[in-house]
Amino acid sequence: MTRIDWVENGAPRSALWRSESGWPAPKKVVIADDTMTADAAYRLALDGTALLWRGDFQNARQLLQALARRIDHKGARAKRAKPAKVAPTLLESFHRHRLAQLQRARTLAMLLIPFEADYSIPLRRAPDVRQACNEAYGAATEPFVVSLRELLGLIGAHEWRSKGVPIAALDDRIHPWYGVFSPVRGEYVELVAQAPLPKKTGLAFDIGAGTGVLSAVLARRGLRRVVATDMDARALGCARENIARLGLTPQVEIIEADLFPEGQADLVVCNPPWLPGKPSSAIEHAIYDPESRMLRGFLGGVKAHLAPGGEAWLILSDFAEHLGLRTREQLLGWIAHAGLEVAGRHDVRPTHPKALDAEDPLHAARSQETTSLWRLRAA
């Protein structure tokens with residue numbers, strides 16, 4: 001496993017390096033504490049030097065916020081100083097936005113927190129995060145170092161898992177695990193809850209189960225059996241726990257599979273990542289689909305898994321189309337090439353805050369976004 005090395009009090013030190021985002025272990029590390037100013041920390045972080053914190057934990061949180069303000073201020077100042085002669089296209093804006101977000105994340109990841117082998121944090125006023133760490137990482141093994149930004153994300157995920165996300169279609173809550181995409185955008189769930197079911201509804205497949213929310217909705221709609229698949233161990237555990245909590249285990253089976261289980265179903269549902277692109281962290285696998293592999297794999301294979309008269313439901317946003325990452329013609333071409341035809345489509349406009357934020361750099365695309373449930377049948 002990757003380790004991080006540094007010198008402290010004149011002696012070489014080493015610890016396990018953890019990064020769920022996949023960041024490499026920083027090569028340059030200095031010790032930082034409450035005496036370090038935000039400006040000094042900012043200069044070091046920009047230079048790629050990591051700061052291993054030995055001061056008060058709450059002061060580290062304040063320092064992280066100060067670093068974020070400096071990054072955002074620098075970005076705003078650059079925009080004012082260099083107005084574009086030609087307005088960028090939406091695709092150019094998207095790539096610039098992703099690059100800026102990636103650079104921001106890398107800079108903020110330079111503030112590091114030490115952990116003992118039992119998941120305790122040896123810092124003043126440090127919170128007890130042992131349960132959150134056990135949920136995210138599994139059993140502890142040895143001391144390690146992690147970025148404060150990742151730790152705060154882990155704490156937030158623990159709170160989501162504890163409280164759950166209200167799902168109107170279930171009149172209940174879904175509890176997402178760390179690293180499993182949370183169903184906070186409820187419009188796609190409502191599409192699955194309201195679309196007319198095929199005449200025969202004995203068996204359904206849920207491809208890419210995630211939290212298990214769509215399997216739960218289908219079971220609550222009366223499908224006698226749902227087989228849900230995923231390849232991610234966390235997603236499989238999360239889905240099984242949610243299905244059990246909702247009392248739906250007799251109807252819903254969660255299995256590990258690459259896309260499809262064996263056999264044919266009356267209904268095959270898939271909500272793939274909506275944007276073609278390379279994920280830059282583990283959680284982004286729910287957002288970015290490299291070369292549209294999952295989308296194309298689903299479309300290319302679903303006909304063979306449809307029972308006679310069955311339907312495939314593809315839940316997909318057209319955000320990628322507005323950005324210029326994919327065209328409607330491409331999507332329709334993949335559908336036709338797979339021997340499928342469109343039997344109907346149900347649309348909904350998003351209601352999440354970014355869709356209404358005129359200051360968002362991608363507002364022009366977000367304001368036009370539509371999420372659709374495509375009803376597909378064998379041609």
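Predicted model: local features only at pLDDT ≥ 70, side-chain atom pairs only at ≥ 80, totals over all residues.
Student: Start with strand β6. Which residues are buried on each of its faces?

Tutor: Strand β6 covers residues 144–147. Phe144 and Val146 are buried on one side. Val145 and Ser147 are buried on the other. Both faces of the strand are therefore covered, as buried means under 20% relative accessible area.

Student: Which strands are joined to β6, and in what direction do they run?

Tutor: Take β2 and β5 in turn. Strand β2, residues 11–17, runs parallel to β6 and is joined to it by two bridges. Trp17 stands opposite Val145 there. Strand β5, residues 111–115, runs antiparallel to β6, with four bridges. Ile113 has Val146 as its bridge partner in β6.

Student: Now the aromatic rings. What describes a pair?

Tutor: Two values describe a pair of aromatic rings: the distance of the centres and the angle of the planes. A search of the whole structure finds seven aromatic pairs here. In one of them, the ring centres of Phe94 and Tyr288 are 6.5 Å apart and the planes stand at 40°, so this pair is tilted. Phe94 lies in helix α3 and Tyr288 in strand β14, residues 288–289, so the pair ties together parts 194 residues apart in sequence.

Student: Are Phe94 and Tyr288 buried or exposed?

Tutor: Phe94 counts as buried, at 3% relative accessibility. Tyr288 is buried too, with a relative accessible area of 8%.

Student: What is the geometry of the pair formed by Tyr137 and Phe144?

Tutor: Tyr137 and Phe144 form an edge-to-face pair, 5.8 Å centre to centre with 85° between the planes. Tyr137 is buried at 14% relative accessibility. Phe144 is buried with a relative accessible area of 2%. Phe144 also brings us back to β6, where it sits on one of the covered faces.

Student: Why is helix α7 called largely enclosed?

Tutor: Count its buried residues. Seven of the eight residues of α7, residues 213–220, are buried, so the rest of the structure largely encloses the helix. The buried ones are Val213, Leu214, Ser215, Ala216, Val217, Leu218 and Ala219. Gly222 follows the helix, with a positive phi near 110°.

Student: How is empty space found?

Tutor: A probe the size of a water molecule is rolled over the atoms, which shows where empty space is left. Here the search of the whole structure finds one cavity of 30 Å³ or more. The largest cavity has a volume of about 30 Å³. Its lining is Leu316, Ser317, Asp318, Glu321, Arg328, Leu331, Thr370, Ser372 and Trp374. Elements giving two or more residues to that lining are β15 (306–317), α11 (328–337) and β17 (371–378). By class, the lining has three nonpolar, three polar and three charged residues.

Student: What lines the second largest pocket?

Tutor: The second largest pocket has a volume of about 190 Å³. Its lining is Trp17, Trp23, Pro24, Ala25, Pro26, Lys27, Arg106, Ala109 and Met110. Seven of these residues are nonpolar, none polar and two charged. Trp17 is the residue that stands opposite Val145 in β6.

Note on methods
Residues numbered from 1 in each chain as written. Heavy atoms only, no water. Buried < 20%, exposed > 50% of the residue type's maximum accessible area, 1.4 Å probe, protein only. Pairing = 2+ DSSP bridges. 1 Å grid on protein atoms, 1.4 Å probe; cavity = no way out; pocket = protein on both sides within 12 Å on 5 of 7 lines; lining within 4 Å. Points joined across faces, edges and corners; volume = space filled by probe spheres on them. Nonpolar A, V, L, I, M, F, W, Y, C, P; charged D, E, K, R; others polar. Phe/Tyr/Trp six-rings, centres within 6.5 Å; stacked < 30°, edge-to-face > 60°.
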